[in-house]
Amino acid sequence: MALSTGRASSTARDRTAGSGGARGQDRHQRPGPLRRVMGRHWYAWAMVAPVILVTALLIGWPLARGVYLSLTDATEATMGRTIGVNVIPSTYEFVGLDNYISILTSSLFWDKLTWTIVWTVACVALHYGLGLGLAMLLNRRVRFRSTYRLLLILPWAIPGFVSAFIWRYLYNSDYGVINGMLKAAGLGAVGWLDDPTTAKIAVVAVNVWMGVPFMMVAVLGGLQSIPGELYEAAEVDGATPWQRFRFITVPGLRTVSSTVILLGTIWTFNMFPVIFLISGGGPGSSTEILVTYAFREAFTGIRNYSGSAAWGVIILMLLVVLALVYRRALRRQGEVW
Amino acid sequence: MSSVTAGPAGSAPARGVRRRGDRGVGRSILLHATLLCAVAVSLFPIVWLVLTSLKPRDGWLSSELEFFNQPSLDNYTRVLTETQFPTWLLNSVMVAGLTTVIGVFLASTTGYAISRFRFPGHRGVMWMLLITQMFPVAILIVPLYNLMASLGLLNQIAGLVIAYMTVAVPFCAWMMKSYFDSIPREIDQAGMVDGLTPFGTFWRVILPLARPSLAVTGFYCFMTAWGEVAYATVFMSQEEKRTLGIGLQQFVGQHWSDWGLLTASAVLIAVPAAIVFLLVQRHLVAGLTAGATKS
């Protein structure tokens, strides 16, 4: 169908060109197939070209170079650089898969991977679960509905780094309001970001707070596109609320859900500011996820460019595998994506 | 199309059609109680931020729970006069503004091309846009840093803008495509029949129709640049080139922190963003879900 419209528009153009006498002249010499393709698609290519260029230059090239760096032993010390007028040539060498082997055999990587998966699954499950719950409440007939909706999406309106700083203050062990409330309730203060377990809970909580509004609103959109007649008919047939949820709501939400869950997973997996700004990966490196770790590897201490690039490649491959598996799973259910 | 999913049109049937008998009083109370709890959780951090920012200079240095404590604008005056905040703000505004303008332009031409033309390489472009959204900062940042260094773009606003393009444009092009898909093709054809070139059709006919989606895309680009931390941290090492995201980290460092300054500047940053956000949020959601339900 898309193909036919493309042709339709070009035939429309041919027709106008044919009827306008002056422009009809260049129809006399018949262009070769290549020129015809060029002539027809010239505009399309011209319009896509800037993005292709930008992407190729800024993603393609760095990506290729990143993959190459990951196969070398480049660090800050061996990377070529210019100091004033002195040009110091690069001295790093090609080392094959050494970086990958040392990463994949280190327990650090597997620790980080486990925590990253726990982090992603916990966050996305809570985002989606809470978002669905709130969306279903807001989809009812309830007074002040739009006020509730507006207030509930406010966290989404706060820029990510500002939210991170707010929460860091709330978690502050001496002056934070959370400990203030605990003390007022007669309980002891908790060093939220000083202990690995509470720090993990803390960062998950912040990310959930930041992410639920998006899920809620997206699911609400999905819910409102389900025709109300379906529910009425089901009710007439005597379906219980659970059955209505199971057989109308869930299937009706499938397209929206599958998209937002995939997006949410990718975003959470790569979520940088929350962890970087709240816990800084600490205490130790217990809350560091793969992305923040790779960043730290490249830009703190002796900058280990090759190691960081190898981490990056591994992260990217994990995500590509995730997306492919997910896509296949959707296909089996008859989704087209 | 975009207004169908989340606009008022979408909410009407749910309200009108489902005439289940009235809820019992108990269930109504429960429903409102749940919603109020959720609202409390979602608002509390923000309210607390504002309250803290209004406390006097060292008001945050208190382990007592107090909502008000001699409210003053002391923190705000300090932020605006005694710190680099105005410089950072200016840098952030420039970076975000440029990202928005260029990003919207690139995203709309690309979105239009992949929505309307079936040219060779069409699928490739669509895939590229989808896949680049998955790229973690970690893999690109080092080579991009080296690339910027060799082009002399470190500590330059232009360098940061270019880096943000890689984040914002693929997603925005995707959003624009799904919006263009919802504009009937007959309109393009009418434009062509009237003698406009394809680009003329796009510029004079389709773009004005796509204004809501342009607003959303612009907003997304703006927020991407406004809230980014990782690239900014690495690329802008000079004090006077910093953006807000990095600058604020200085108020709460390892050895010294001043939450009064931080909370006041956080309010200054969040309020305009939140206002614009609340104005466009309906379209934002519609744009996202339109893309999600169509594809």
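Helices (H or I, at least four residues) and strands (E, at least two) are DSSP runs, numbered from the N terminus. This briefing applies these terms to a predicted model, in which local features need pLDDT of at least 70, side-chain atom pairs count only at pLDDT 80 or more, and totals for chains, interfaces and linings use all residues. Residues are numbered from 1 along each chain as its sequence is written, chains are lettered from A and ligands numbered from 1 in the order in which they are written, and side-chain values use heavy atoms, with hydrogens and water left out.

**Annotated regions of chain A**

- The unreviewed UniProt entry places the annotation "domain: ABC transmembrane type-1" on residues 113-326 of chain A; UniProt positions are given in the numbering used here, feature names are shortened, and annotations may be inferred rather than shown by experiment.
- Residues 113-326 of chain A are 76% helix and 0% strand, with 19 Å between the end C-alpha atoms.
- The unreviewed entry also lists transmembrane regions in chain A, including residues 117-138 and 256-278.
- Residues 117-138 of chain A are 100% helix, and their end C-alpha atoms are 31 Å apart.
- Residues 256-278 of chain A are 87% helix and 0% strand, with the end C-alpha atoms 31 Å apart.

**Chain B and its helices**

- Chain B holds 14 helices and zero strands.
- Of the 295 residues in chain B, 55% are buried, where buried means under 20% relative accessible area, exposed over 50%, and partly exposed in between (1.4 Å probe, protein chains only).
- The UniProt record (unreviewed entry) marks transmembrane regions in chain B, among them residues 29-51, 157-176 and 256-280.
- Residues 157-176 of chain B are 100% helix, and their end C-alpha atoms lie 26 Å apart.
- Residues 256-280 of chain B are 88% helix and 0% strand, with 38 Å between the end C-alpha atoms.
- Helix α3 of chain B (residues 25-53) has 29 residues and should span 42 Å at 1.5 Å a residue, which agrees with the 40 Å between its end C-alpha atoms; the expected span is 1.5 Å times one less than the number of residues.
- In α3(B), a kink of about 40° lies at Leu43(B), shortly before the proline Pro45(B); the bend at a residue is the angle between axes fitted to the seven residues ending there and the seven starting there.

**Residues in loops**

- Phe144(A) lies in the loop between α4 (107-138) and α5 (145-152) of chain A.
- Phi of Phe144(A) is near 65°, a positive value in a residue other than glycine, and Phe144(A) is exposed, with a relative accessible area of 53%.
- Asn155(B) occupies the loop between α7 (137-151) and α8 (157-181) of chain B.
- Asn155(B) is not a glycine, yet has a positive phi of about 60°; Asn155(B) is buried, at 11% relative accessible area.
- Asp58(B), in the loop between α3 and α4 (74-82) of chain B, is partly exposed at 46% relative accessibility.

**Cavities**

- The whole structure contains nine cavities of 30 Å³ or more; on a 1 Å grid over the protein atoms alone, a cavity is a set of points where a 1.4 Å probe fits but cannot get out, and lining residues have an atom within 4 Å of a point.
- The largest cavity has a volume of about 1,400 Å³, a volume being the space filled by probe spheres set on grid points, which are joined across faces, edges and corners.
- Among the 44 residues that line the largest cavity, Trp267(A), Met271(A), Val167(B), Tyr220(B) and Thr224(B) lie nearest its centre.
- The lining of the largest cavity has 30 nonpolar residues, 13 polar and one charged; Ala, Val, Leu, Ile, Met, Phe, Trp, Tyr, Cys and Pro count as nonpolar, Asp, Glu, Lys and Arg as charged, and the others, Gly among them, as polar.

Note on methods
1 Å grid on protein atoms, 1.4 Å probe; cavity = no way out; pocket = protein on both sides within 12 Å on 5 of 7 lines; lining within 4 Å.
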